[in-house]
Amino acid sequence: MIKAILVFNNHGKPRLSRFYQYYPEDMQQQIVRETFHLVSKRDDNVCNFLEGGTLIGGSDFKIIYRHYATLYFVFCVDSSESELGILDLIQVFVETLDKCFENVCELDLIFHVDKVHYILAELVMGGMVLETNMTEIITRIEEQNKLEKSEAGIAAAPARAVSALKEMNIPQKVKDMKLPDLPSIGNLKF
Amino acid sequence: MPTVKGDGMRGLAVFISDIRNCKSKEAEIKRINKELANIRSKFKGDKTLDGYQKKKYVCKLLFIFLLGHDIDFGHMEAVNLLSSNRYTEKQIGYLFISVLIGANNDLMKLVIQAIRNDLAGRNPIHITLALQCVANIGSREMAEGLSVDIPKLLVSGDTIDSVKQSAALTLLRLLRSSPDSIPMGEWMSRIIHLLNDQHMGVVTAAASLIENLVKKNPEEYKGCVSLAVSRLSRIVTSSYTDLQDYTYYFVPAPWLSVKLLRLLQNYPPPEDPAVKTRLSECLETILNKAQEPPKSKKVQHSNAKNAVLFEAINLIIHMDSDPNLLVRACNQLGQFLQHRETNLRYLALESMCLLATSEFSHEAVKKHQETVITALKTERDVSVRQRAVDLLYAMCDRTNAEEIVGEMLEYLESADYSIREEMVLKVAILAEKYAVDYTWYVDVILNLIRIAGDYVSEEVWYRVIQIVINRDDVQGYAAKTVFEALQAPACHENMVKVGGYILGEFGNLIAGDPRSGSAVQFQLLHSKYHLCSPATRGLLLSAYIKFINLFPEIKHIIQDVLRSDNNMRNADVELQQRSIEYLQLSSITTADVLATVLEEMPPFPERESSILAKLKKKKPSSVPEGSEQKETTASKIPAVQMSNNVDIAPPTSINLMSQGESSTDDFVDQGSPQGGSASVDLLGLGSPTQPTAPSVGSGGLLDMFDTLTSHSSAPATNGIDLGGLSGGAEEAFRKFICKNNGVLFENDLLQIGVKSEYREDLGRLWVFYGNKTTFQLNAFLVDVSTPGNLSESLSIQQKPVGGEVEAGAQVKQQFNMACVQEFAEAPVMTIQFLYSGAQQKISLKLPVVLNKYITPAEMDANTFFTRWKALNSPSQECQQIIKATSPIDHEQVKAKASGYCVL
């Protein structure tokens, strides 16, 4: 079973945290920090598995992670999961994000926390692998988007018209904002 | 290609950018507080918030939460969003709830109601959202509230595939968190047929669910073996184009294959020859594919392929029946040991550890010894090196022990700090287990102390002393070796301890050589004295008094040392006391008395190695059960062994000599009057659980019952089982003689309550296990054993319980018992679980006593007296008059008597 899925950047800033076993909020934060500490000190070409930190349950748990440019994707799992299987699952997750966000980068995860959660929910449910077929996952996300668009179309038409005017150049604005350089994580050795 | 970005929420983007531009933590907190105040006022005041706005605010809250700030409002708004008809609002509501609301929130009732509405609706997308929420929270309350709806969704014919998939995993989650709340029913028999489902996603999800069910009740789901094998066979033999979207980088359905292979690891090799052959073919095909040239150069291709391969190898190891497959598996792993992918080397080492325990392949594994040793020395990654240590430990036997131990010792000098302690334990165990020549063993342990003294735990040096004391043939050698080791200008304190103990006992064996004469020995030890901690100094003082006995010629030197202010007026009370007592002892007693008091230590009783116990505690999984025990003689003394395992507290009572350090009860007291029990203490049975007669309650009658029962249970108390009973259990058990309900056991982790009812020869007992901690208890296992021939008299049927016990949750287990004939002992139940990774074990007597099966008979006065008069032989009468310690309370006596089943 997958106990937790964490995404944080090279500085340990959390970008996504999803726990499938109950831990109190402050414990969750500590686990993120501990995991970052364990993972970040490792070289890039060592193996992708290590024993879990003490907070999440010690050596009965494995940390399986991948490092993409600025982000670490970390899955904490128990002994019932196949290590390589989880490693592939991380890959599927990232590839799906990449397709949904078109060249995903750290900023996408920051500004679309909700979307990232929805995509993850199509892959993993209650700590178990739900779906691994990327086409199927993307179809489901597309359905959601359509629904969202249609609902927004009926109800929020007037509001949207106004905000559309206001937000005409939002993508550009986002890029103009004073932000550190964030290379895209999508086109990295898939 | 879908784009999920685009219609961004402006307010959210601005807020996030603000936060990111904050220069300091204070500024960030300020900005967040401002935003929280804003959202709060919007939620409170503005009733006309539209979906878009609510969504935006909830997204902001999620972001704030992610940064590590507590969110204490918005829950109600999120719950309200659940009843919205709009998908987007519902979606964000569910997201908020599953991320932010704990299982014990007050709003859970409302949430469950909303979930139930969505499940009952016809919109599959809404159903999926609701299921996701249940699967992610998975509380007991949810399990109870939705126990009927979810299984129905799973097996119903008109459920669409994606919902089925989600329902399977949701049910799995609920079964994990509260297995007893889900009613077993028709769905159970149909569930294994989901393995034949057309949709691969459904099969994958169902395989996870079935594996969980199988773990609890393998017999009932036996049918899944042949289904899983045929499904696996179809996948393995398919070409990568057949499964289309479920082919991942040219590997057909890798996740499903892994799941099926895992599922099969819950069963022994299939009995049906056809199924067995088919499975062997599958495994061979998988092994063959590993040799084919890769279809793609991408790492994902080899990853997926190897994920399946490793799982197949694990299954081969698990079945442990086909030598041909086992050797092939071993060769395959051997190839991986030298693979350039670190991940594969890691996994190969890990799997080979399992393989080394199989008798068929143990020899084959040994062929790779050189490679593993090279890995230990050259791997750059500590995780891999650690696996190499594990494998060396597993593959070690009598033939290669010397080499492996030597290599490990050599590596220890440069080993990572994080694995040193474990390595020390492993080296110590291997050296003991495979020592042909005990001088080698002594050398190894002393080397350990020399190289990694700080990581040598007490158990290790206790053990070397035990062995030296028990084996005459190494005593002289040990004395000589420690004497030499102590010559080093700086030696570790543990070395001083071992040296002090061994020279104190056996220094005379080397005193013949003038270079290690008595005075030299004493000077050598004493030169270390001032550098040591008080505990070690205490031990050295004891060694000195032993020297007085061994070498009367240096008595005056030692007495001077004992008399010095540094000792006799030491600030440490223990040292002061020892100095004074030893000085007195040496001055006033005759040589004969002294010789008796300070006699050589008697041999220690053989018992399980305390080091092994420590390693087990540290890494429960790394010590294969039973494999060590044939080497130690521990199994001869089960009572002792049990008392080792029972400890819930840290293993202080196992420590052989810990008493020696913390009290005056040192080894020299062995011969003194109060030292008679010293050898018992060393066994860790410090205070034997003597049945005291506690007076519980105030009823006078109760005391009588107490004496009565302590007689009846007397045979049991001497037996093995009492040694294993957990503290306080006996008293609690006895209370149940006069009552049917109550608390049987309680400690910091667990409360165990019991309810029982009896009718004629049948009894039913419910045991309630309450988790008192804030963590989940894992691998919760209850086992009931019947000591002696109790199983002939009492048949016990146990309903399954187990898996996990959630924090603060309580699980119930039912026992049905039928009394066949009279019995004296009670069944013993053993509860095992993992609490934050540590194995816990509790043994308790199940409160089933003979008197519960007494049935009152209604009869009128005449019949009674007829029967009464018929009882006339002398053996049928027994009278005991006791003095009541308190006035008799009729109500209470009545309650006791009815609890005792005589009313």
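Guide: Buried means a relative accessible area under 20%, exposed means over 50%, and partly exposed lies in between, with a 1.4 Å probe and protein chains only. The model is predicted, so local features need pLDDT of at least 70 and side-chain atom pairs pLDDT 80 or more, while totals for chains, interfaces and linings use all residues. Residues are numbered from 1 along each chain as its sequence is written, chains are lettered from A and ligands numbered from 1 in the order written, and side-chain values use heavy atoms, without hydrogens and water.

Visitor: Is Ala779(B) buried, partly exposed or exposed?

Guide: Ala779(B) is placed in strand β6 (residues 777-785) of chain B; strands (E, at least two residues) and helices (H or I, at least four) are DSSP runs, numbered from the N terminus. Its phi is positive, about 50 degrees, although Ala779(B) is not a glycine. With 44% relative accessibility, Ala779(B) is partly exposed.

Visitor: What is the phi of Tyr249(B)?

Guide: Most residues other than glycine have a negative phi. Tyr249(B) is in the loop between β1 (247-248) and β2 (251-252) of chain B, and its 19% relative accessible area makes it buried. Its phi is positive, near 45 degrees.

Visitor: How many aromatic pairs are found over all chains?

Guide: Rings of Phe, Tyr and Trp (its six-membered ring) pair if their centres lie within 6.5 Å; planes under 30 degrees apart are stacked, over 60 edge-to-face, and the rest tilted. Over all chains, the number of aromatic pairs found is 25.

Visitor: How far apart are the ring centres of Phe49(A) and Tyr346(B)?

Guide: Phe49(A) lies in strand β3 (residues 49-51) of chain A and Tyr346(B) in helix α18 (residues 342-356) of chain B, so this pair joins two chains. Phe49(A) is buried at 0% relative accessibility, and Tyr346(B) is buried at 0%. The planes stand at 55 degrees, so the pair is tilted, and the centres are apart by 5.2 Å.

Visitor: What kind of pair do Phe823(B) and Tyr853(B) form?

Guide: Phe823(B) is buried at 8%, and Tyr853(B) is buried at 10%. Their ring centres are 6.3 Å apart and their planes are at 75 degrees, so the pair is edge-to-face.

Visitor: Which residue lies over the face of Tyr529(B)?

Guide: Ring pairs link Tyr529(B) into a cluster with Phe522(B), Tyr544(B), Phe547(B) and Phe551(B). A charge sits over a ring if NZ of Lys or CZ of Arg is within 6 Å of the ring centre and within 35 degrees of the ring normal. At 5.3 Å from the ring centre of Tyr529(B) lies Arg537(B).
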